[in-house]
Amino acid sequence: MKAWLSKLNIDLSAAPSSPEELARTVLASVSPDFRCRIETVPALEESFRIRNDPDGSFTVSGGGTGVLYGAFALIRSVFSGKELPDSLESAPRYPLRMINCWDNMDGSVERGYSGSSLFFEAGAFHYDPLRMRELGCFMASVGLNVLCINNVNVHFPAQLLLEDYLPEAAALADLFRPFGVRLMFSVDFSQPMRHGIPTADPLDPAVQSWWNETAARVYRAIPDLAGFLVKADSEGRPGPFTYGRNHADGANMLARAVAPYGGKIVWRCFVYNCRQDWRDTKTDRPMAAWEHYSPLDGQFADNVILQVKHGPFDFQVREPLSPLLLGMKHTNLAMELQLAQEYTGHQIDIYTMIPMWKELFDELPEDHIMSVAAVSNLGRDDNYTGHPLAAVNFFTYGLLAWNPQTDAADAVTEWIRLTYHFAPEDERALASLLLSSRRTYEKYTAPLGIGWMVSPHDHYGPNPSGYEYDLWGTYHKANRDAVGIDRTASGTGYLLQYPEAYQHKYADPETCPDLYLLFYHRLPYSFRMKDGRTLIQRIYDDHFEGYEETKAMAEILRSLPFPEPDRNVILSRMDRQLYDAKEWCDIINTFFRRLSGADDTHGRTIYD
């Protein structure tokens with residue numbers, strides 16, 4: 001990320017006064033011969049136009065932030081060698097394009113793999129203003145406009161809403177404003193109870209009054225705060241269920257408090273029974289969100305956005321699209337993605353996410369969501385993302401949040417050209433590696449849609465039975481005869497939450513796409529796949545192939561001319577990934593060999 005910024009040669013030691021001033025600074029940094037005019041057209045707001053004029057100069061038109069986004073789009077094209085048409089118009093598909101940081105005020109980051117918090121330390125604000133301006137520049141360069149700075153799992157003491165801390169929060173908001181970035185705060189639903197009120201019941205007048213007064217205080221300090229992000233009744237977090245209320249009651253109460261200031265309530269739908277008994281064969285965790293929220297469709301206030309994880313589980317390597325994203329047609333929705341590689345390699349393993357996201361967007365009707373959010377992969381490491389190649393995920397998420405039709409290969413290639421100075425053959429090699437990395441990781445980890453075979457709690461490394469008898473409802477039920485969960489009408493019925501066309505696509509194991517097979521079906525190891533292989537042989541083959549592909553990745557990376565310090569970090573983490581891929585391959589194959597008793601038809605080593 002810093003490599004891209006360094007190409008611009010922008011002095012960020014002092015803050016620009018406005019997005020328009022920054023746009024002029026950005027364009028002026030290209031070269032003395034680069035000529036570009038700026039036209040401010042307030043009605044365009046975040047949209048922009050770029051015109052290639054006959055005299056070889058350019059004209060960028062746009063609203064306040066639109067001019068800035070247009071300036072960055074133009075210079076991204078210049079530096080990546082893309083030809084622009086004579087005229088280009090662009091508008092963001094989603095009004096809120098959010099980054100959700102899971103930073104705690106003690107300086108730790110939940111599911112953070114890039115160092116400590118960029119914003120907090122020892123219970124207080126603690127940040128480098130220059131790095132904040134760099135982060136603002138990164139976000140503006142790909143069109144991201146909302147930054148939630150604290151963890152959805154709010155840990156106390158949580159100070160962001162208190163009078164003594166608001167001046168510092170306001171100062172941080174001032175730093176981001178010229179980059180077109182608005183702050184958002186995560187709040188705890190039970191917060192009134194820490195201020196002398198004996199309840200957090202959303203229908204209690206004292207609770208409503210406390211939130212009204214708090215919202216007024218916060219918005220006096222930060223008038224353009226985007227709103228509050230809320231995780232309620234989830235994984236031990238308090239919420240409306242405690243008082244016999246539903247989530248529309250809770251969200252709408254908060255929505256009324258922020259509505260006078262134009263604020264939004266972003267309400268996460270990650271609600272399920274996290275104390276499930278593994279002996280319970282009727283409860284199916286992926287069904288929970290639909291059961292909680294679909295009956296409330298149309299009951300949420302206009303300034304409430306339900307933030308729905310893209311899949312029904314929890315950011316696994318492969319999940320189907322959440323049925324909430326397809327079925328709630330009368331409610332504002334945001335799709336939540338995860339940049340942080342919680343289940344996808346901790347920013348040790350290479351895992352480029354845009355191919356996965358493109359699959360999700362391709363299945364999503366255009367009018368079903370109004371916003372997107374991604375859990376941050378940022379931290380205080382010098383390169384911001386821990387692994388230098390993890391920055392491709394932040395960059396391409398921004399492009400996709402602006403335009404879901406963005407081509408994955410074009411976006412990855414653009415990032416490479418803005419980051420490194422590679423010959424064409426090296427550029428192609430790295431692009432191919434990054435674009436295939438998700439499938440490689442999937443091959444050597446979770447087979448055919450199962451997920452959850454990771455070590456409990458830290459979620460790194462193989463442990464095929466780690467969650468099998470735990471409380472989280474993430475079971476694969478593998479035994480000597482079969483593996484997977486029947487989620488069709490004859491099983492848990494989860495598939496019935498989807499539209500009819502979706503049900504038809506996945507209901508029959510003979511026609512269900514292979515990579516979702518064990519998510520929707522429980523099958524014997526002798527089941528014949530579409531290519532004639534047995535299910536158990538497919539599991540073996542995928543894991544061996546994944547390990548072999550990882551070895552090939554390592555060789556490619558060693559051959560590429562990465563600059564230092566990137567080269568050292570990339571190769572050292574690749575060594576760890578290679579070791580882990582071998583562990584995954586051997587442990588998962590051995591697990592299924594011991595259960596099934598089936599030999600590998602190719603005679604490769606599996607340990608009895």
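**First stop: a glycine**

Begin by selecting G327, which is partly exposed, with a relative accessible area of 28%; bear in mind throughout that you are looking at a predicted model. G327 belongs to helix 9, which covers residues 324-327. If you now show the surroundings of G327, leaving aside its neighbours within four places in sequence, you will find it in contact with W290 and D297.

**Second stop: the largest cavity**

Which residues lie nearest the centre of the largest cavity? Select C269, F270, A289, P312 and F313, which hold that position among the 13 residues of the lining. The elements giving two or more residues to this lining are helix 8 (288-293) and strand 12 (304-309). The space inside the largest cavity comes to about 120 Å³, and its lining divides into nine nonpolar, two polar and two charged residues.

Is helix 3 mostly covered or mostly uncovered? Colouring it by accessibility would show that 14 of its 17 residues are buried, so it is best described as mostly covered, where buried means under 20% relative accessible area. Step just past the end of helix 3 to G81, which takes a positive phi of about 75°.

Keep helix 3 displayed, for it gives the most to the lining of the largest pocket, with four residues. To find the middle of this pocket, select A73, R76, K82, S90 and L399, which lie nearest its centre among the 24 lining residues. Besides helix 3, strand 4 (87-90), helix 11 (391-402) and helix 12 (408-419) each give two or more residues to the lining. About 490 Å³ of space lies in the largest pocket, and its lining is made up of eleven nonpolar, seven polar and six charged residues.

**Last stop: the largest nonpolar core**

Finally, select F119, L147, F185, W357, L557 and F592, the residues with the most contacts inside the largest nonpolar core, which has 203 residues. Helix 17 (residues 566-596) supplies the largest share of this core, ten residues. To end, centre the view on L557 and, setting aside residues up to four places away in sequence, look for the residues it touches, among them I350, L389, L430, F562 and M574.

How values were computed
Residues are numbered from 1 along each chain as its sequence is written. This is a predicted model: local features need pLDDT of at least 70, side-chain atom pairs count only at pLDDT 80 or more; totals for chains, interfaces and linings use all residues. Side-chain values use heavy atoms; hydrogens and water are left out. Buried means under 20% relative accessible area, exposed over 50%, partly exposed in between (1.4 Å probe, protein chains only). On a 1 Å grid over the protein atoms alone, a cavity is a set of points where a 1.4 Å probe fits but cannot get out, and a pocket is an open set with protein on both sides within 12 Å along at least five of seven lines; lining residues have an atom within 4 Å of a point. Grid points are joined across faces, edges and corners, and a volume is the space filled by probe spheres set on the points. Ala, Val, Leu, Ile, Met, Phe, Trp, Tyr, Cys and Pro count as nonpolar, Asp, Glu, Lys and Arg as charged, and the others, Gly among them, as polar. A nonpolar core is a set of buried Ala, Val, Leu, Ile, Met, Phe, Trp, Tyr and Cys residues joined through side-chain atoms within 4.5 Å. Contact means heavy atoms within 4.5 Å.
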